[in-house]
Amino acid sequence: MIELKPISILDEEMVECMHLSVTEEQYDFVAPNSVSLAEAYDINKKPAENSQGSQVNPYAVYKNGEMFGLVMIAYVYPDNNVGFEAYYDEPYYYLMRIFVDKEFQGKGLGKEVLRLAMEKVKSKYLGDANWCFSSYVPENTASKRTFASYGFAEDGRVIDEESVCKIGI
């Protein structure tokens, strides 16, 4: 059974999450989990200071009680200037990270993590939106295939050297 559990840079499990890794060939495709959790913490403290705005929900991903990944779901207000590009001109969801440890890759778990993340997004648990975006390094063909298999389509933009894809929700 695969499950998502909230995690932050302040949790004990953060150390375990930081030790997850990808293959050397994938280093340029995804930030280390320590950087991702720090980004989420920084983004989340800004809206907390003014009681509104974009937020990021990081989740550790477990299979049968063993942590194997990280997924980060953001809800973005485009005029909130907390480090997100303006992918759209009204609030939207953004799958900021999908990270699967190298020991668990090639087993279809990335697709399952995406499916679970999209269940949350489609419930609009952070707020109303019509779109969910994500992005990936163009050379990351595994991510491209995973997003396409779920129905994400590239929208033709490259932002911060990453191909942007989206799906209606």
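Which residue forms a salt bridge with Lys 124? The legends below answer this question and describe further close-up views of a predicted model.

**Figure 1. The salt bridge between Lys 124 and Asp 128.** The partner of Lys 124 is Asp 128, and the closest N and O atoms of the pair are 3.5 Å apart. This separation qualifies because a salt bridge requires a side-chain nitrogen of Lys or Arg within 4 Å of a carboxyl oxygen of Asp or Glu. Side chains of opposite charge can pair when their charged atoms come close. Lys 124 is partly exposed, with a relative accessibility of 26%. Asp 128 is exposed, at 56%.

**Figure 2. The salt bridge between Glu 119 and Arg 115 in helix H3.** The closest N and O atoms of Glu 119 and Arg 115 lie 2.2 Å from each other. Helix H3 spans residues 109-122 and contains both partners. They are 4 residues apart, which corresponds to about one turn of the helix. Glu 119 is partly exposed, with 45% relative accessibility. Arg 115 is also partly exposed, and its relative accessible area is 32%.

**Figure 3. A network of salt bridges that includes Glu 112.** Salt bridges link Glu 112, Arg 115 and Glu 119 in a network.

**Figure 4. The salt bridge between Arg 157 and Asp 155.** The side chains of these two residues meet with an N to O distance of 2.7 Å. Arg 157 has a relative accessibility of 28% and counts as partly exposed. Asp 155 falls in the partly exposed class as well, with a relative accessible area of 23%. In the whole structure, a search finds 6 salt bridges.

Figure 5. A disulfide is a covalent bond between the sulfur atoms of two cysteines. The structure holds 0 disulfides. Cys 132 takes part in none, and the nearest cysteine sulfur, which belongs to Cys 165, is 8.2 Å away. Cys 132 is buried, with a relative accessible area of 0%. Cys 165 is likewise buried, with a value of 1%.

Key: Residues numbered from 1 in each chain as written. Predicted model: local features only at pLDDT ≥ 70, side-chain atom pairs only at ≥ 80, totals over all residues. Heavy atoms only, no water. Helix = DSSP H or I, 4+ residues; strand = E, 2+ residues; numbered from the N terminus. Buried < 20%, exposed > 50% of the residue type's maximum accessible area, 1.4 Å probe, protein only. Disulfide = S-S within 2.5 Å.
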